[in-house]
Structures are given as structure tokens and as C-alpha cells.
Amino acid sequence: MRRTEVIIFVSAIVVTLMIGLSSLLPADIYSSVGWKILWIVIAVAMITGIIMGRFWRNWTALIMHLSFLCMIAGGFCNALFSRQGTLHLLPSQTADYFISSDGKKEELPTAVTLLSFAPEYYPGMNFPKDFKSELLTAVGDTMYISMNHIGKLGHYRFYQTSYDDMGGTVLTVTHDPIGIAVTYTGFLLFAISGITWLWKIYWRSRIRKKISIACILLGCLCPATMDASAIPAVDTNIADSLATRQVLFNGQTVSFARFSDRLTYKLTGKGSVSGLSPEAFIASLIKYKEEWSKVPFIKVKSKALREALSIEGKYASIANLYDENGDYIPQRLYKGGSGSLDKDIILLDEKVALLIDLWEGELFIPLMPDSDTLRSNFSIKSEIFYYRINPLRIIFICAILSVALILLSSIFKVNIRLFPFIAAIALAGIISYLWLWYISGSVPLYNTGDIMEFVGVCMILLSGVMAWRKESNLLVALGMASASFLLLVALLGMKDPVLSPIMPVLASPWLSVHVSLVMLSYAILGFTLPIAICAIVLSSQRKELVSLALTLLAPGVFLLGMGIITGAMWANVSWGRYWAWDPKETWSLVTLLLYSIPLHKYFKLQRLPLFCSIYLIFAFSSVIMTYFGVNFLPSLHAYN
């Protein structure tokens, strides 16, 4: 690159990293003068680039850059002209003002009266599924507000935030017509320019012949043993008959087999105990409480916690956790969240609480044959069959075998057709994921295991595309190895499933759209990592591999941008703000910018394939930080 290009390139990297490092600083940096100056400089640089690059000759690039300028301008409009505050209403109370964030009274366009407020609970639970307020305006209109439904009064927007113990509701009130209009215009321009950009790349250029993005879009470990041989077992026939019984658990109707499978994994980290099926184990656990209380079957992962509790082996019994006075021993070790063992104690407390609820008959509710919430027999049998065969484990084994097959074929120089085998694995992965979606009743994207399975299947699809294009066997092997690792994480997640109901804000259709777009983009961008590694190792194919990586960046960047946009729109619907500089949001933006830089025609990185390969390896660190690193920061999106 020329000297000017190097200076601009380095400046872009430095500014991007400055944005990312801001997440490590106090939150008041985002309201500082320096932060505003930084974004003014970025906007001026973009405008200068548009003029010097004569972007009016390329409408797609012009609209893309205008979309970013609109988003920046929208942020400034929000900071300068918006008003936000809180409205606290008791039943039948009327108010014509709200309290702004700086403690002042702000007048509403008309008075509002709270007719009713009621939390909506999951069936059979006291855990809230949603919060709903009904307001009456002075002109006689009724306004309904819930966690994912905005109430509107002119340009004023009302969001369900909280409630009190007197039947009152706490609402967030915002007034930002200019900022929202400008920002959403930027969102729309980005979507239009991105779709046009991809259409030009994949349908009007020669790259169409290289890759078809349509193809992209269209217990594995030996467990420790425990001795429970002295416990009487429930008759096998009774346990089998219980499998198809339907129960209400966490507000969902599930089979006793699924409930038992999840709870067994949660308590023991295993799929069976002493040869007992999950149904037989849970049934025996309920029936023979006293006997099981002395058996070590509760898995304690932390070695330090086991030593603190004087537990031998990896399992504890309920008797191990209480002293002779009946006091709960882990409670004495808890330091209020500041101790090194506190996180491990909380994980153990969750298991103990589930077990106590089970013994007290409060963990699930058996459903009668005439219950309105019963599912179809086909759905229940599909659910039981899924957890019996565990298709994810089979797919993981096949993915590992494919890696071994590819490497052996390369060592012995045997030509084999990889595409049919990998395509079959990809098809099985899609079927497995859709199967889980069907039996769950909602898109499985709520926890780390489900997300890793989704990304792993996407990675297998990408590997299939590479095999179809007859790319390097090493590249296909690295892709399948990456997919295998992701599926392994998903399998390990099954050993400690999330059994708590989802938070009210997550019960939104925005979840599936936002998370799907973001994780699909991570799969595509992540696939550039093995391509970059191959490009460094295979110098003879470096130029072609880098060209392929840059081709993948286009849909990856666009999907990540759309994922960020849909997340911002979801946040605006739920909390009344579309951007809060949360660490996850900040690093998602950093990832978007880092992967956008190689696509900029000004730098022409395709002329420097080795440098581009090294850069792509460096850029992947932002994906790791975005998904895993923010867990160590105070983030609303942390997957702890």
C-alpha cells in the first residue's frame, strides 16, 4: 500500500480499537465531550471520503455510507433533543406529567389514568412471563403496554419497565421523534444498500461462478461413576409408562421423559445414574427421598468447592451439605458475591433448590387427561424419541469422522468425493435443529448450547459449500473441525441445561430474527479464519483463498449489520433506547468495522494476500471478544 493508504488504514484500526476499549472505561465516557468529538471526526472523515471518492458514481456505496451518517446523526439528535423519564402510577391514579431523568417535571400531551396492572405468569408458576398495563387517556382512548409492546401517545412512547408492591406500574416515557426518524432512515438505507451490494456481487459479477451464498442461507465424554446400587429402583414398566405422561414444567407442557432427562443432566451431569433411565432415576428420587439423601449424586464441578466442603470425588449428597444442626454449609462459605467460591456456590444452590422443589412436589405439575394444555401424542412421542437417540451426538461423531476421513485421504493420496458425505451431515444437522425447534415450541436460541448448535450446523453448511467447490481438503477439514468443536460445546451444554423460564423481555419474536442473523454472520466470518490459516500454509493457493475469504466477508458483514440493527430495534421496542453502548453492542460494532475494512476498495487488500490473511486472523479476535470476552464485563448480554 502507498504511504497515504497505510496511514488511513492504521488510523481506521486505531479508531476502531478505541471504540472497543471504551467498554473497559466508566460509562460516563459516552456522554463526554471527547466521545462526541470522536464521532464528529468519524462523520467528517466519511463525508470527505464520499467527496474524494466520488461516490455519486456508485449509488450502492453512496447509500451505504449515507446510512452510517444517518445513524451517527440520529445518535446526536437523540442526545440533543430527546426527553426521557419515568411515570409511576397507582391504580386509578391520573397524571399529566412524568419525571425526567434530571428530576424535572415534563408535561404529557394529555393526562393518563392507570386502569389496571397485572403480571402475567407462566402456567403453574409464580415467575412472570410478561407485565401488562392498561391506561386510559383524557380523550377516552385505551392504551395497552407490555414488555414487548409500546404504548403511544402522539410522539410520546411508553415502555413497561417495572412495578411496585401496591399494584402500581412504572413506565419509561420517551420523546424522540427526530432521533428515531433519522436513525431508522439509516437502518433502512443500510438494508437497501446491503441487498443491492450482494446482488451486484453474486448475480451480476463473475464471483457468482465461484460460490453460491444461497447454499449458506438456505454424553460424548465418559462420566465419572457413583454408587447408588443400594437404592431401591422403581419398576421398569412403571418408569416406561411415566415417560409419555405430560407435565407442566417452567410454564411449558413437556413429557415426563424430557423433564427427567433435563433434570438428571442438571443434577448429575450424566444421562443416566447407576444404569437407571432418567425417568426411573427421577421417579426413584421422588419415591425414596430418605435413601437418596445419603447418596452422592449431585455433581460439584469446582475442585476448590469440593475441598471446602470436604467432599471426596466429584459428587455430593444432600447429607454432605448440611451439618448436624441442619444448617446449610455452603451458606457459611458464601461471601456475598465477592468470594472466589461464590459463583460455584450459586451453581450448587441452583441444583439443591431444584431437588428440594422436586421433593416438596413444587417442581412440576402432572396434567390430567382432560387438561387444555395437553400436546398431541405425535408431538410427545417425537420429543421422547429425540432425547432417546440424541441426534446432536450422532452429528458430532459424523463430523469428527469426516475430519479423520479427509486427513487420511490426503495422507494416502486417495481421491474421494467429500461433498455427498458432508452434505448428508449438514442435512442431518438441519433436521435435528428443526426437530428441536418443533418439540420446544419456540426457536432454540436461548442459551449457549442451542446457539453453538446453530452455529455448528451453519459451519457444516459452509464446509459443504467448500467441498462442492472442490476447495483444498485442508480447508474443508478445518471447517469441519471448527464445526465439531462448536457441536462439542453444545453437547457439553446439555450436561448443565438451563432450567429456568425465559425472562419476559426474551419472549419476543425479535429474539429469533436478531440472534439468527448475528450467529449466522459469526459462522460466515468465523469461516474466514480457517481460510486465512490455509492461505498462510498453502502459498501456492494463497491468492485464490484470500479472494474466497473476501467474497465471504460481504454477506458476513451485511448479516452482522442487519443483526445489530434488528437488535437495536428490539431494544427500542423493549426499553425505549436503541443503543446503550453495552459492551456486547460496542464489540459487535467493532467486529463490523474490523471486517468492513478489507472490503473497502480504497485499500485493495487483495493485492497483499499474505497481509490480508494475517489481518483476518487478527480480526477474528473481535468475534471471540464479542461472544466470550464480554462475559467478564458488566453486560446485559453476558452468557454467564
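## The main core

Ile19, Ile460, Met519 and Tyr595 touch the most other members of the largest nonpolar core, which has 96 residues. A nonpolar core here is a set of buried Ala, Val, Leu, Ile, Met, Phe, Trp, Tyr and Cys residues joined through side-chain atoms within 4.5 Å. Buried means under 20% relative accessible area, exposed over 50%, and partly exposed in between (1.4 Å probe, protein chains only). The biggest giver to this core is helix H18 (residues 510-537), with 15 residues. Helices (H or I, at least four residues) and strands (E, at least two) are DSSP runs, numbered from the N terminus.

Take Tyr595: leaving out residues up to four places away in sequence, Tyr595 touches Leu525, Thr528, Leu553, Val557, Leu616, Ala619, Phe620, Ser622 and Val623. Contact means heavy atoms within 4.5 Å. There's also a second, separate core of 39 residues, with Ala239, Phe256, Ile311 and Leu499 among its members.

## What you're looking at

This is a predicted model, where local features need pLDDT of at least 70 and side-chain atom pairs count only at pLDDT 80 or more, while totals for chains, interfaces and linings use all residues. Residues are numbered from 1 along each chain as its sequence is written, and side-chain values use heavy atoms, with hydrogens and water left out.

## Helix H1

The expected span is 1.5 Å times one less than the number of residues. Which residues of H1 are buried? They are Glu5, Phe9, Ile13, Thr16, Ile19 and Gly20. They cover an arc of only 125° around the axis, so they sit on the same side of H1; the arc is that of the directions from the helix axis to the C-beta atoms. The buried residues of H1 pack against helix H2 (33-52), helix H20 (583-596) and helix H21 (609-627).

## Helix H13

H13 (residues 377-389) has 13 residues and reaches 18 Å from its first C-alpha to its last, close to the 18 Å expected. Its buried residues are Ser379, Ile380, Ser382, Glu383, Ile384, Tyr386 and Tyr387. Just after H13, Asn390 takes a positive phi of about 50°.

## The whole protein

The protein has 21 helices and 13 strands. Along its principal axes the C-alpha trace spans about 80 × 80 × 50 Å. Of the 640 residues, 49% count as buried.
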